[in-house]
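This report describes the fold, packing and chain contact of the structure shown below.

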2 protein chains.
Amino acid sequence: MNFMEKEKPIGVFDSGIGGLTVVKEIMAKLPNERIIYFGDTARVPYGSKSNETVIEYSLQDAAFLVQKNVKIIVVACNTASSVAIPALRERFNVPVVGMIEAGSAYAAKETIDKKIGVIGTRSTITNRSYSKELRRINPGFDVFEKACPLFVPLAEEGWIDHNATLEIAEEYLRELKELSVDTLLLGCTHYPILKPVIQKVMGEKVKLIDSGVAAAQRVSSELDRIGLRSNSNGLGVVSYYVSDIPSTFEKVASLFLGKPVSHVTKVDTETIIKSNAQ
Amino acid sequence: MNFMEKEKPIGVFDSGIGGLTVVKEIMAKLPNERIIYFGDTARVPYGSKSNETVIEYSLQDAAFLVQKNVKIIVVACNTASSVAIPALRERFNVPVVGMIEAGSAYAAKETIDKKIGVIGTRSTITNRSYSKELRRINPGFDVFEKACPLFVPLAEEGWIDHNATLEIAEEYLRELKELSVDTLLLGCTHYPILKPVIQKVMGEKVKLIDSGVAAAQRVSSELDRIGLRSNSNGLGVVSYYVSDIPSTFEKVASLFLGKPVSHVTKVDTETIIKSNAQ
């Protein structure tokens, strides 16, 4: 295997900034790897768009990363992971890691009582992406799903310790708690920000599955499988590209990443669209 | 004036469903008028998009209404009202009513102490559209602005009586209350849903300005000015067009309109784009 191949970066894309929680976990798991992140902040959210549009945008986002010479693509967006994985795998030669597969596999290993809760945006829950994948893994699983639409804006506001957040979490999670799930899958990249309050409401015994952690593990095992883990002993560097820089980008990005974000470059949407035409 | 001209409908567009609170007020103020509503639910939100894009989309949305033969256009979207009014007035021959002008004029008439608060989405507050318009009307106004990003998802969840909503409102409005504004402009079409809790937090003495009410008054006076008020004694009918039907459309639309929504037609985005090319 060519030395240079191993030193290629890991590519991560998302419809916006939520995927930064996934970058955080990849950095923690694979500190020597370089990462290229693309957040399609100009066209966020993907959740309210048609499957055809989400597939088209995902192909463009991934093509932009492939042009940056990535060795693996992480789809750090639940909506894109739910509909675009087959199209991405058909189109590109590098491995593609999706949130639904990674998170579901992780939850399937963790549950003992086979009672799994899944929380996510309304789009993810309506599509039933996680419950389909979990039942594909094991038809004996009892899967209970709940949309928590206020969790994304609460995470973006950074209201982690706010009493209102606790009350909202109590209301959203009441049913899952009563159903005594032993594992709760955080099916949205924003939700790890609210992990402490979710854990508090669900109780310490319930295992929370951060799909970012699951994706980072999947990336690690994929790199081992194809023999492309970096040999570098240096510190990994992340380069951030976004299609628009919202006024709150820096604040929210730092919160999601757990440290200040540097090296942010704005890319025209036109450039992203053209990536896929080449 | 031709009889038929007066019986043409009023056209209302918004980036999504928030504009239905404006439709509600127009129906209340002008019960005999027919209304055509277009909600660009496939491309919502406009607030995170560039001014050029918002202008382009607004011209398309308005062109769709003009093809439906409307006698006046109401831009029931604060973002579009903030950037697209000049372009719309240049392009179309019918009067164009925007939220910023209507709401600001109304607030300017109501304030006694000349201390006006404005709440809205982050985009509206960052653009300072209301404070610029208010200071244009009277440079002596003290205008205090506050973004309330959680109010839109709370309104869409229908959490009107929820304690979490009260706590969130108390946190957002604390500063405006301490500044003793006597008038508070609801600079987002979603906010009238939360009027009771906002009034409770601000106190009964503070005058809340619903920009939907202001827009309905403006439509009424514009129709009188151009002599196009309907002579019909029948009940007004509203036809709803949307570029996508989200799963929660019916529930949220009923909440915003105050009654069930009927006659909803889905229009392809392509049709909307083509409207403006003709």
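## Overall architecture

Chain A contains 14 helices and 10 strands, where helices (H or I, at least four residues) and strands (E, at least two) are DSSP runs, numbered from the N terminus. Its radius of gyration is 18 Å, close to the 19 Å that the globule rule gives for 278 residues, so chain A is as compact as a globular protein of that length. That radius is taken over C-alpha atoms, and the globule rule is 2.2 Å times the number of residues to the power 0.38.

This is a predicted model, in which local features need pLDDT of at least 70 and side-chain atom pairs count only at pLDDT 80 or more, while totals for chains, interfaces and linings use all residues. Residues are numbered from 1 along each chain as its sequence is written, and chains are lettered from A and ligands numbered from 1 in the order in which they are written.

Along the principal axes, the C-alpha atoms of chain A fill a box of roughly 50 × 40 × 40 Å. Of the 278 residues of chain A, 54% count as buried. A residue is buried if 20 or more other C-beta atoms lie within 10 Å of its own, exposed if 12 or fewer, and partly exposed in between, with C-beta atoms placed from the backbone. Among contacts in chain A between residues at least 6 apart in sequence, 78% join residues at least 24 apart; two residues are in contact if their C-beta atoms, placed from the backbone, lie within 7 Å.

## The six-stranded sheet of chain A

In chain A, 6 strands form an open sheet with parallel pairing, in the order β4-β3-β1-β2-β9-β10. Two strands pair if DSSP finds at least two bridges between them. The edge strands of chain A are β4 (96–98) and β10 (264–266), each of which pairs on one side only. From one strand to the next, the twist averages 20 degrees. Axes are lines fitted to C-alpha atoms, for helices over the stretch in contact, and angles run from 0 to 180 degrees between N-to-C directions.

Within chain A, β1 (residues 10–14) pairs with β3 (residues 72–75) in the parallel sense over 4 bridges, and A:Phe13 stands opposite A:Val75 in β3(A). Helix α2 (residues 20–29) of chain A lies across β1, β2 (35–39), β3 and β9 (238–242) of chain A, and runs at about 175 degrees to β2(A).

In chain B, 5 of the 5 residues of β1 (residues 10–14) are buried. B:Ile10, B:Val12 and B:Asp14 point one way from β1(B), and B:Gly11 and B:Phe13 the other way. β1(B), helix α2 (residues 20–29) of chain B and β2(B) make a right-handed β-α-β unit: with the strands pointing away from the viewer, the path from the first strand over the helix to the second runs clockwise.

| Strand pair | Bridges | Opposite residues |
|---|---|---|
| β1(B) and β2(B) | 5 bridges | B:Gly11 and B:Ile36 |
| β1(B) and β3(B) | 4 bridges | B:Ile10 and B:Ile72 |
| β7(B) and β8(B) | 4 bridges | B:Leu184 and B:Leu208 |

In soluble globular proteins, nonpolar side chains tend to be buried together. Here the largest nonpolar core has 176 residues, of which A:Val74, A:Val75, B:Val74 and B:Val75 touch the most other members. Such a core is a set of buried Ala, Val, Leu, Ile, Met, Phe, Trp, Tyr and Cys residues joined through C-beta atoms within 7 Å. Not counting residues up to four places away in sequence, B:Val74 touches B:Ile10, B:Gly11, B:Val12, B:Val22, B:Val97, B:Ala215 and B:Val219.

## The four-stranded sheet of chain B

A parallel open sheet of 4 strands in chain B has the order β6-β5-β7-β8. At its edges stand β6 and β8 (207–210) of chain B, each with a single partner strand, so one side of each is left without a neighbour in the sheet. α6(B) packs on this sheet, touching β5, β7 and β8 of chain B, and its direction makes about 160 degrees with that of β8(B).

Helix α8 (residues 129–137) of chain B has buried residues, including B:Ser129, B:Tyr130 and B:Leu134.

## Chain contact

Chain B and chain A each give 19 residues to the contact. On the side of chain B that touches chain A, α10(B) gives the most, with 4 residues.
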